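Please look through the structure shown here before reading on. The numbered points that follow are meant for someone who has not seen it before.

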Amino acid sequence: MIFLIKLLIKTIDFYSFLIIVSIIGSWIDPMGNSKVFQYVRKFTDPYLKLFKIVIPLGSVYIDISAVIGLLILNLIKNLLIRKMFFIM
């Protein structure tokens, strides 16, 4: 059971890293021409679309789905860590 929880925690860490790479990719390559960032977005966009919230600020639109997605992943990770320590 502890092995499974540790595996889930590592998976959440890796997916969080991919979301951060996707965020950086949206700044570096906003048109999405880079193959690396297209590949990363292919994995992160389905999850982030669940939390798609766009805030208009004048002529600029801010998408906070990555922030919400990372917060939820962090919450799940913390719950798993507590569960792991409860089992031990």
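1. Helices, in this note, are DSSP runs of H or I with at least four residues, as strands are runs of E with at least two, and both are numbered from the N terminus. By that reading Ser 22 has its place in helix 1, and Ser 16 belongs to helix 1 as well.

2. The model is a predicted one, in which local features need pLDDT of at least 70 and side-chain atom pairs count only at pLDDT 80 or more, while totals for chains, interfaces and linings use all residues. Residues are numbered from 1 along each chain as its sequence is written, and side-chain values use heavy atoms, with hydrogens and water left out.

3. The pairing of helix 1 (residues 2-28) with helix 3 (residues 65-87) has a packing angle of about 165°, and the two axes lie 10 Å apart. Since angles under 35 degrees count as roughly parallel, over 145 as roughly antiparallel, 65 to 115 as roughly perpendicular and the rest as oblique, helix 1 is therefore roughly antiparallel to helix 3. The axes themselves are lines fitted to C-alpha atoms, for helices over the stretch in contact, and angles run from 0 to 180 degrees between N-to-C directions. The crossing of these two helices is left-handed, a term used when the near helix is turned anticlockwise from the far one by less than a right angle, with right-handed used if it is turned clockwise.

4. Contact here means heavy atoms within 4.5 Å. On the helix 1 side, the residues that meet helix 3 include Ile 2, Ile 5, Lys 6, Leu 8, Ile 9 and Ile 12, and on the helix 3 side they include Leu 73, Ile 76, Lys 77, Leu 80 and Met 84. By class, the contact of helix 1 with helix 3 holds 17 nonpolar, one polar and four charged residues, where Ala, Val, Leu, Ile, Met, Phe, Trp, Tyr, Cys and Pro count as nonpolar, Asp, Glu, Lys and Arg as charged, and the others, Gly among them, as polar.

5. Which residues does Ser 16 touch, not counting residues up to four places away in sequence? They are Leu 70 and Leu 73. Ser 16 is buried, with a relative accessible area of 16%; buried means under 20%, exposed over 50% and partly exposed in between, for a 1.4 Å probe and protein chains only.

6. Leu 80, which has its place in helix 3, is likewise buried, at a relative accessible area of 15%. Leaving out residues up to four places away in sequence, Leu 80 touches Ile 5, Leu 8, Ile 9 and Ile 12. Between Leu 80 and Ala 66, which are 14 residues apart along the chain, the C-alpha atoms are separated by 21 Å.

7. The largest nonpolar core has eleven residues in all, namely Ile 5, Ile 9, Ile 12, Ile 19, Tyr 47, Leu 48, Phe 51, Ala 66, Leu 73, Leu 80 and Met 84. Such a core is a set of buried Ala, Val, Leu, Ile, Met, Phe, Trp, Tyr and Cys residues joined through side-chain atoms within 4.5 Å. At least two residues of this core come from each of helix 1, helix 2 (35-48) and helix 3.

8. Met 84 is in contact with Ile 2, Ile 5 and Lys 6, if its neighbours within four places in sequence are set aside. Met 1, in the segment before helix 1, lies 83 residues from Met 84 in sequence but 8.4 Å from it in space, C-alpha to C-alpha. At 63% relative accessibility, Met 1 counts as exposed.

9. Helix 1 also packs against helix 2, at an angle of about 115° and with the axes 9 Å apart, and this crossing too is left-handed. The residues of the contact divide into ten nonpolar, four polar and one charged.

10. Ser 22 is buried, with a relative accessible area of 8%, and is in contact with Val 40, Arg 41 and Thr 44 when its neighbours within four places in sequence are left aside. Asp 29, in the loop between helix 1 and helix 2, counts as buried at 11% relative accessibility. Not counting residues up to four places away in sequence, Asp 29 touches Ser 34, Phe 37 and Arg 41.
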